[in-house]
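The structure comes first, then the notes on it.

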Amino acid sequence: MQNKVHDGTAPAIVVQNIEKVYKLYDRPRDRVKEALGFGKKQAHRQHYALHGISMDIYKGETVGIIGTNGSGKSTLLKIITGVLNPTAGEVKVNGRISALLELGAGFNQEYNGIENVYLNGTMMGFSEKEIEEKLPAILEFADIGDYARQPVKTYSSGMFVRLAFAVSINIEPEILIVDEALSVGDVFFQAKCYRKFEEFKELGKTIVFVSHDLSSISKYCDRVFLLNRGELLGEGSPKEMIDAYKRVLVGQYEIPEKQENHDLIHEIDPREESVEAASTDVSAPPADESVNPSALEYGTKQARIVEYDLTDDRGVRTSAVIKGTSFTLHMRVEFDEHVPAPIFAFSIKNVKGTEITGTNSMIEKAFLESVEPGQTKDITFTQKMSLQGGEYLLSLGVTGYHGDAFEVYHRLYDVMNITVVSDKDTVGFYDMDSTVEVKDHRE
């Protein structure tokens, strides 16, 4: 992993060489036979849910853990919180920890909401008097009304997570751990929870959370760890790790035999040329400061993006677009092999890595033909610039399907900077171009 400097801040959580191994049996009776010592052959095979995971999480940080399903994220959180024991390795936690792992974990289905608050508070080490003092704040945050006095087995999933999260954040934890639970609540409750995250960050609390919501990971996290199949592939800024995660999703990475000082960001797909060599394929002007010289690039290269640029509403090549005007993205793609129905795409994200907008030729139903070796296609996307003033990053791609398999032929992440020039910015990512009228009221 990369070395981090934290100005002497003490670690809140230290994970050292954690392994979690499960025994898998083909038949239930094999488990019984092995337990009783029958048979000379081993009846199980080993499955590594986690393999050699080490990480330091520092006090006051908000840390995200991302990865595909089955990568070991939830298992790791359960080991950190003591719900599971590791097969090998050690975890050290410095501070009172509160965890929201699985929906309803630690709740008695027959108890009502208030009784479960007391049950959970007692398990966390609080006296009945202390829980009583915190109860009004918990119930106010949960906002489930009279259901607080009903058995939790009658709750919807949304009510369940409201109460569980309200308990977790109101017992004054120094470390808060959340595993995907917020995806269950409605959008208003999620907004309330994220406001609480901001308060916790300001108070110097440590937050660790697993989420498939990459926008939340990008917005709230200081650092991100990327897991896959029980391996730690890398750690770094949200933007770096989200870009790396996108490579994992399309299978364009290698799982190393042993994770020692390994970082996916510096790994080159063996099917690719080096980034330095491949960058000569893209004929954007080297003097153009809007072009990213270290753009992340990968793909099978059956099709290659060889040129790209932006032009404004006058047809002038530029990287600065005036808000409210139209602009055109140009992309030239050369094909070295037969490609059935290639998909041409672009996306725009902010500097924190949150994808704001984008489209592709399949969504727009603009091109559904096959392309033969030696052909070159010029693609243009023309649209109105409605984003707020600021700096944005452009990514380009050529993908497609070979049968049912999704293929990435060539992707260029954050290949150039786009500056949106504006003298009027509204709230949020884009401008709805509202018309406002104010008139005198007449009876």
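Start with Lys323. At 16% relative accessibility, Lys323 counts as buried, because the cut-off for buried is under 20%. The model is a predicted one.

**Lys323 and its partner**

Lys323 forms a salt bridge with Asp431, with the closest N and O atoms 3.0 Å apart. This pair links distant parts of the chain. Asp431 lies in the segment after β18 (405-421). Lys323 lies in the loop between β12 (320-322) and β13 (326-335). The two residues are 108 residues apart. Asp431 is buried too, with a relative accessible area of 11%.

**Salt bridges**

How many salt bridges does a search of the whole structure find? The search finds 21 salt bridges. Three of them are listed here.

| Salt bridge | Closest N to O distance |
|---|---|
| Asp431 and Lys323 | 3.0 Å |
| Glu235 and Arg223 | 3.4 Å |

Is Lys349 buried or exposed? Lys349 is buried, and so is Asp414. Salt bridges that share partners join Lys349 and Asp414 with Lys239 and Asp243 into one network.

**Arg223**

Arg223 belongs to strand β8 (residues 223-228). Its relative accessibility is 6%, so Arg223 counts as buried. Which residues does the side chain of Arg223 contact? Another is a polar contact of 2.8 Å with the side chain of Glu61. Arg223 also forms a salt bridge with Glu235, at 3.4 Å between the closest N and O atoms. Glu235 lies in strand β9 (residues 231-236), 12 residues from Arg223. Glu235 counts as buried, at 2% relative accessibility.

**Helix α8**

Helix α8 covers residues 238-249. At 1.5 Å a residue, its 12 residues should span 16 Å. The end C-alpha atoms are 16 Å apart, which agrees. The helix is mostly covered, with nine of its 12 residues buried. Among the buried residues are Asp243, Lys246 and Arg247. Others include Pro238, Met241, Ile242 and Tyr245. Asp243 is also a member of the network with Lys239, Lys349 and Asp414. After α8 comes Gly251, whose phi is positive, near 75°.

Definitions and conventions:
Residues are numbered from 1 along each chain as its sequence is written. This is a predicted model: local features need pLDDT of at least 70, side-chain atom pairs count only at pLDDT 80 or more; totals for chains, interfaces and linings use all residues. Side-chain values use heavy atoms; hydrogens and water are left out. Helices (H or I, at least four residues) and strands (E, at least two) are DSSP runs, numbered from the N terminus. Buried means under 20% relative accessible area, exposed over 50%, partly exposed in between (1.4 Å probe, protein chains only). A polar contact is a pair of N or O atoms within 3.5 Å; within protein, one must be able to donate a hydrogen and the other to accept it, and residues adjacent in sequence count only if both atoms are side-chain atoms. The expected span of a helix is 1.5 Å times one less than its number of residues. A salt bridge is a side-chain nitrogen of Lys or Arg within 4 Å of a carboxyl oxygen of Asp or Glu.
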